[in-house]
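Subject: Model handover

Hello,

Here is the model we discussed. Please open it alongside this note; the findings follow below.

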Amino acid sequence: MGIARSTYHDQPETTVDDTALVETMGEISDSFEAYGYRRMQAALRQRGIVVNHKKVRRLMREHDLQPRI
C-alpha cells in the first residue's frame with residue numbers, strides 16, 4: 001500500500017473539544033462533588049470519553065472543578 005504500519009496508530013479515532021469536555025466534567029462535578037481527577041477520569045470513560053489523566057487534572061485546576069472536602 002505504500003503506507004507505514006504506524007500510520008494507523010498515530011491519532012485517536014475521535015478527539016473531544018476542550019469546551020465539551022469541561023461541560024461534561026462540570027456535570028459530573030455537580031452530581032459528585034468529592035470526585036478527584038481519578039474518579040473523574042473513570043466517570044468520563046464510562047461515558048465513552050477517553051482522556052489522559054494529565055489533561056483531566058489540568059482542566060479541573062484551570063476551571064475550578066476541584067473536589068470539595
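A salt bridge here is a side-chain nitrogen of Lys or Arg within 4 Å of a carboxyl oxygen of Asp or Glu. By that rule the count is three salt bridges. Note that this is a predicted model.

**Lysine 55 and aspartate 18**

These two side chains form a salt bridge, at 3.0 Å from N to O. Lysine 55 sits in helix 3 (residues 53-62) and aspartate 18 in helix 1 (residues 18-31), so the bridge ties together parts 37 residues apart in sequence. Lysine 55 has a relative accessible area of 26%, which makes it partly exposed. Aspartate 18 is partly exposed too, with a relative accessible area of 31%.

**Glutamate 27 and arginine 47**

Here the side chains meet in a salt bridge at 3.5 Å, again N to O. This pair also links distant parts of the chain, 20 residues apart. Glutamate 27 belongs to helix 1, while arginine 47 is in the loop between helix 2 (37-46) and helix 3. Glutamate 27 is partly exposed, at 46% relative accessible area. Arginine 47 counts as partly exposed as well, at 48% relative accessibility.

**Arginine 58 and glutamate 62**

The closest N and O atoms of this salt bridge are 3.6 Å apart. Arginine 58 is partly exposed, with 30% relative accessibility.

Why do such pairs form at all? Side chains of opposite charge can pair when their charged atoms come close.

**The nonpolar core**

Now the core. The largest nonpolar core has 13 residues. Leu21, Met25, Met40, Leu44, Val56 and Met60 have the most contacts inside it. Helix 1, helix 2 and helix 3 are the elements that give two or more residues to this core. Which of them gives the largest share? Helix 1 does, with four residues.

Methionine 25 is worth a look on screen. Leaving aside residues up to four places away in sequence, methionine 25 touches Met40, Leu44, Val56, Leu59, Met60 and Leu65.

Best wishes

Definitions and conventions
Residues numbered from 1 in each chain as written. Predicted model: local features only at pLDDT ≥ 70, side-chain atom pairs only at ≥ 80, totals over all residues. Heavy atoms only, no water. Buried < 20%, exposed > 50% of the residue type's maximum accessible area, 1.4 Å probe, protein only. Core = buried A, V, L, I, M, F, W, Y, C linked by side-chain atoms within 4.5 Å. Contact = heavy atoms within 4.5 Å.
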